[in-house]
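Please consult the sequence and the structure alongside the text.

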Amino acid sequence: MKIKNILEKACAKNNLTKDEIKVLLEAEDEDKDLLFKTADRVRKEHVGDEVFLRGLIEFSSYCKNDCFYCGLRRSNNQAQRYRMQEDEIVEVAKRAYQMGYHTVVLQSGEDMFYTKDRMCSIIKKIKENVDVAITLSIGERSYDEYKAFKDAGADRFLMRFETSNEKLYRQYHPGMSFEKRIECLKWFKNLGYELGTGFLIGLPGQTIDDLAQDIILVKELDADMIGIGPFIPHPQTPLKDAKEGSVDLTLKSIAILRLLIPDANIPATTALGTLDPLGRQKGLMCGANIVMPNVNNLKYKLKYELYPGKICINEDATKCRGCIESIIVSLGRKVGQGKGQSRHYKRAA
Ligand code: 5AD
Ligand code: FES
């Protein structure tokens, strides 16, 4: 199979077979360059040169789950735990808005301290104070809660399925179910959220075949936002001795998904920037159009350790804002104005 033909088909049909995706994932040298160039062109055609910023507020580091790869897993008794008060979260959202963020992402471990009523109150208060889009990234809840959050004003939901290989999913997510995960993702669509999902690259035992299937699943779920990041081993988890995920495979996955869902929002993730000092730049040059800097107070940033070595951990939010803008400008792009809703998103009729 010629790369050129596969890329032509991807651009014309926004669809590829698993074998074709595998060929792209294994592309090297000029073939790989052609994949990245094509994805960059498609990005420009469909979502333009604007790079939208999302202010990430990690408001609780408590988690009831025990994911094998994550530093916040409940069995990690060395993890530093914190919960932000409602007013504090609203203050950080206000500050983010003043710095020019028009979307805030409320992220946490799966922490049931934040009940339906507490979450709704936080969402409403932010919306009363500032004109931002709100993205939730708080894990699995009931349909009823998701509906209440949407009614309270939440706009978008991020939840990666992490891996489409059900055996690996079971192995690395004790007590959780892949089926439940997918059910939640379908609910988000039904409830009118912009749907964000994605997966980890390089979980031990994951094959190229699995990654191709992950890409197909994102396409099938018809995601509006796509988050893909390399796995980074955390020393206080069962996967501490595993090898980190490949930056190259992450970039290729971003590029392929740009071709399959051309108008989606795709971030150049922090994990990508952590493994490669130029990772975010590289992501933005092969299909990505979003960056999600942390806007939280320094004292919390340090404690939200999904994986070690996270970039920007000692920088205050104003510094990150300036730094990100200069990266965007250095690539000949510009900071997006407005909320940057996914162009793929179609409001329910
Ligand atoms: N390395 C990279 N990404 C991780 N995440 C959690 N732990 C790690 C890790 N060790 C990612 C998961 C989750 C997101 C919030 O962070 O994919 O969905
Ligand atoms: Fe909860 Fe990772 S252990 S999100």
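Predicted model: local features only at pLDDT ≥ 70, side-chain atom pairs only at ≥ 80, totals over all residues.

**Ligand site and helix packing**

- Glu162 places a polar side-chain atom 2.6 Å from an oxygen atom of ligand 1.
- Arg160 has a side-chain N or O atom 2.9 Å from an oxygen atom of ligand 1.
- Tyr69 takes part through its backbone, with an N or O atom 2.8 Å from a nitrogen atom of the ligand.
- Taken alone, ligand 1 exposes 410 Å², of which the protein buries 87%.

**Helix H9 with helix H10**

- Helix H9 spans residues 208-221 and helix H10 spans residues 247-260; the two pack at an angle of about 35 degrees, and their axes are 10 Å apart.
- The crossing of this pair, H9 and H10, is right-handed.
- H9 contributes Ile208, Leu211, Ile215, Val218 and Lys219, which meet Leu249, Ser253, Ile256, Leu257 and Leu260 of H10.
- By class, the contact of H9 with H10 holds eight nonpolar residues, one polar residue and one charged residue.

**Helix H2 with helix H9**

- Helix H2, residues 18-25, also packs with H9, at an angle of about 115 degrees and with the axes 9 Å apart.
- H2 and H9 cross in a right-handed sense.
- On the H2 side the contact is made by Lys18, Ile21, Lys22 and Leu25, and on the H9 side by Ile208, Asp209, Leu211, Ala212, Gln213, Ile215 and Ile216.
- The contact of H2 with H9 has, by class, seven nonpolar, one polar and three charged residues.

**Helix H4 with helix H5**

- The axes of helix H4 (residues 86-98) and helix H5 (residues 116-129) come within 10 Å and cross at roughly 35 degrees.
- H4 passes H5 in a crossing that is right-handed.
- From H4, the residues Glu86, Asp87, Ile89, Val90, Ala93 and Lys94 meet Arg118, Ser121, Ile122, Lys125, Ile126 and Asn129 of H5.
- By class, five nonpolar, two polar and five charged residues make up the contact of H4 with H5.

Terms used: Residues numbered from 1 in each chain as written. Chains lettered and ligands numbered in written order. Heavy atoms only, no water. Polar contact = N/O pair within 3.5 Å; in protein donor to acceptor, adjacent residues only side chain to side chain. Areas by Shrake-Rupley, 256 points an atom, 1.4 Å probe, with all protein chains shown as cover. Axes fitted to C-alpha atoms, helices over the stretch in contact; angles between N-to-C directions. Helix = DSSP H or I, 4+ residues; strand = E, 2+ residues; numbered from the N terminus. Left-handed = near helix turned anticlockwise from the far one by under 90°. Contact = heavy atoms within 4.5 Å. Nonpolar A, V, L, I, M, F, W, Y, C, P; charged D, E, K, R; others polar.
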